[in-house]
Amino acid sequence: AYLITKKIPRQTGILWLTIGAIPFVINFSRTYLLAFALASGALLVRTSLREWLKITSAIAAIMALLFFGVNLAASRGASLGLELLGSRFGAISRPATEESASIRQALLAPIFVTIRSFPVTGVGLGSSLIFYHPVKRVIAVTRHYDWGYLEYLAELGVVGFVSLLAFLAVSTAYGWRAIRTHRLPSPFTLGAFAGFASLALMTVTSPAL
């Protein structure tokens with residue numbers, strides 16, 4: 001946001017973004033990429049399309065170079081990581097082919113059982129789920145629901161979940177109003193709004209919020 005609105009020297013901003021992108025590409029995640037795309041789109045609000053294209057293209061190029069570089073280093077020059085991209089995105093349509101996707105699918109049934117058992121008050125924060133592990137083929141226990149909003153509904157119940165959604169809605173409206181009512185919105189407000197949008201999307205598969 002600071003780069004797009006030219007509130008920070010370009011070299012400084014690119015340096016910090018490059019440093020920040022390193023853990024992003026090491027801990028590669030489809031959800032991160034989708035959240036990054038949504039946040040980038042949110043930054044287009046009340047900003048120059050030309051600057052937005054320049055900065056987001058530069059960031060995407062940096063992330064791609066870092067991703068290929070990390071995979072080349074980790075594989076000692078044997079792989080660019082393209083097979084990782086193929087397996088991760090292929091698992092969207094074929095969840096059984098990847099461990100994390102198949103586990104996430106297996107967790108849905110016990111999550112809905114929990115929600116139906118404690119619909120109003122929920123089971124409380126830090127609760128566990130008992131499920132059939134599709135890879136190890138054993139009954140397992142986990143505290144990782146892997147479905148953020150469903151986890152909130154199961155742990156907080158309808159009352160807590162609706163309260164949380166109301167808080168998020170008010171926060172979103174406040175951020176949007178702060179951006180729309182200023183001729184030149186603050187880059188901090190704009191960046192916070194984009195970051196909030198990315199966290200809201202990430203919460204589909206993790207309790208990011």
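Mentor: The expected span of a helix is 1.5 Å times one less than its number of residues. Please bear in mind that this model is predicted.

Trainee: What span should the 16 residues of α7 have, and how far apart are its end C-alpha atoms?

Mentor: At 1.5 Å a residue, α7 should span 22 Å, and its end C-alpha atoms are 22 Å apart, so the two values agree.

Trainee: Which residues of α7 are buried?

Mentor: Buried means under 20% relative accessible area. In α7 this applies to Pro187, Leu190, Phe193, Ala194, Ala197, Ser198 and Met202. Among the elements covering the buried residues of α7 are α2 and α6.

Trainee: Which members of the largest nonpolar core touch the most other members?

Mentor: That core has 18 residues, and the members in question are Ile4, Leu43, Ile55, Met63, Ile179, Leu190 and Ala194. At least two core residues come from each of α1 (10-26), α2 (30-42), α3 (49-74) and α7 (187-202). Helix α3 gives the largest share, five residues. Another core, of twelve residues, lies apart from this one and includes Leu129, Phe131, Tyr152 and Ala154.

Trainee: At what angle do α5 and α6 pack?

Mentor: Helix α5 (residues 99-117) and helix α6 (residues 148-180) pack at about 30°, their axes being 8 Å apart. Their crossing is left-handed. From α5, the contact uses Leu108, Ile111, Phe112, Thr114 and Ile115, while α6 provides Leu150, Leu153 and Ala154. By class, seven of these residues are nonpolar, one is polar and none is charged.

Conventions
Residues are numbered from 1 along each chain as its sequence is written. This is a predicted model: local features need pLDDT of at least 70, side-chain atom pairs count only at pLDDT 80 or more; totals for chains, interfaces and linings use all residues. Side-chain values use heavy atoms; hydrogens and water are left out. A nonpolar core is a set of buried Ala, Val, Leu, Ile, Met, Phe, Trp, Tyr and Cys residues joined through side-chain atoms within 4.5 Å. Buried means under 20% relative accessible area, exposed over 50%, partly exposed in between (1.4 Å probe, protein chains only). Helices (H or I, at least four residues) and strands (E, at least two) are DSSP runs, numbered from the N terminus. Axes are lines fitted to C-alpha atoms, for helices over the stretch in contact, and angles run from 0 to 180 degrees between N-to-C directions. A crossing is left-handed if the near helix is turned anticlockwise from the far one by less than a right angle, and right-handed if clockwise. Contact means heavy atoms within 4.5 Å. Ala, Val, Leu, Ile, Met, Phe, Trp, Tyr, Cys and Pro count as nonpolar, Asp, Glu, Lys and Arg as charged, and the others, Gly among them, as polar.
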